[in-house]
Amino acid sequence: MLGSPVLDPLGGHPGVLRIARLLARLSAAGLPRLLAEDCLTGTCFDRNIAALAERLQVPAIAIYSREDAIAPWRSCLDPCTECVEVRSTHTGMGLDPDLYRVLKPRLARWADDSRQSTMPRAPQRTHGART
């Protein structure tokens, strides 16, 4: 997960939330397939928060950066994952060659079938989501 604020999905940069609310208003005004208000405050949001609270069934890595101006780094520290800090912007994470150098040994370790079969279950997440 690259810069994913799973512990507080609506706690990112205020500008991002403003854009999401604008998309919901445009959708309500008749522009199809943008973003329903329900996904920000209703049952859609509640279902997604419940899904995020479930234990992961596979190993995962949460990539975060203290330099991320979009997703607060603390909200990316998913206790169900191995958390890895990188020095990058939010949008630069996927293009950062250092990220791949950090991930390579971890991914190689997961490729070992014997190691995967003995991996313990991840703890359940706790959320500080805003409604």
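This is a predicted model: local features need pLDDT of at least 70, side-chain atom pairs count only at pLDDT 80 or more; totals for chains, interfaces and linings use all residues.
Student: Which elements make up the chain, and in what order?

Tutor: Helices (H or I, at least four residues) and strands (E, at least two) are DSSP runs, numbered from the N terminus. Here there are five helices and two strands. Their order from the N terminus is α-α-α-β-β-α-α.

Student: How much of the chain is buried?

Tutor: Buried means under 20% relative accessible area, exposed over 50%, and partly exposed in between (1.4 Å probe, protein chains only). Of the 131 residues, 31% count as buried.

Student: How many disulfides does the structure hold?

Tutor: A disulfide is a pair of cysteine sulfur atoms within 2.5 Å. The structure holds one. Cys39 is joined to Cys44, S to S 2.4 Å. The link of Cys39 and Cys44 is right-handed, with 80° about the S-S bond.

Student: Are Cys39 and Cys44 buried or partly exposed?

Tutor: Cys39 counts as partly exposed because its relative accessibility is 28%. Cys44 has 12%, so Cys44 counts as buried.

Student: What about Cys80, which is in no disulfide?

Tutor: The nearest cysteine sulfur to that of Cys80 belongs to Cys83, 9.6 Å away. Cys80 is at 7% relative accessibility and therefore buried. Cys83 is in no disulfide either; its nearest cysteine sulfur is that of Cys76, 8.9 Å away. At 32%, Cys83 is partly exposed.

Student: How many aromatic pairs are there?

Tutor: Rings of Phe, Tyr and Trp (its six-membered ring) pair if their centres lie within 6.5 Å; planes under 30 degrees apart count as stacked, over 60 as edge-to-face and the rest as tilted. The count comes to one aromatic pair. Tyr64 and Trp73 are stacked, at 5.8 Å centre to centre with 25° between the planes. Tyr64 and Trp73 are both buried.

Student: Which residue lies over the face of Trp73?

Tutor: A charge sits over a ring if NZ of Lys or CZ of Arg is within 6 Å of the ring centre and within 35 degrees of the ring normal. Over Trp73 lies Arg66, at 3.9 Å from the ring centre.

Student: How do I read the span of α4?

Tutor: The expected span of a helix is 1.5 Å times one less than its number of residues. Helix α4 (residues 97-111) has 15 residues. From first C-alpha to last, α4 reaches 21 Å, close to the 21 Å expected.

Student: Where does α4 bend?

Tutor: The bend at a residue is the angle between axes fitted to the seven residues ending there and the seven starting there. For α4 the bend is about 35° at Leu103, and Pro105 follows within four residues.

Student: Which residues of α4 are buried?

Tutor: In an α-helix, residues three or four places apart point the same way, because there are 3.6 residues a turn. In α4 the buried residues are Leu99, Leu103 and Trp110. Val102 also lies in α4. At 27% relative accessibility, Val102 is partly exposed.

Technical notes
Residues are numbered from 1 along each chain as its sequence is written. Side-chain values use heavy atoms; hydrogens and water are left out.
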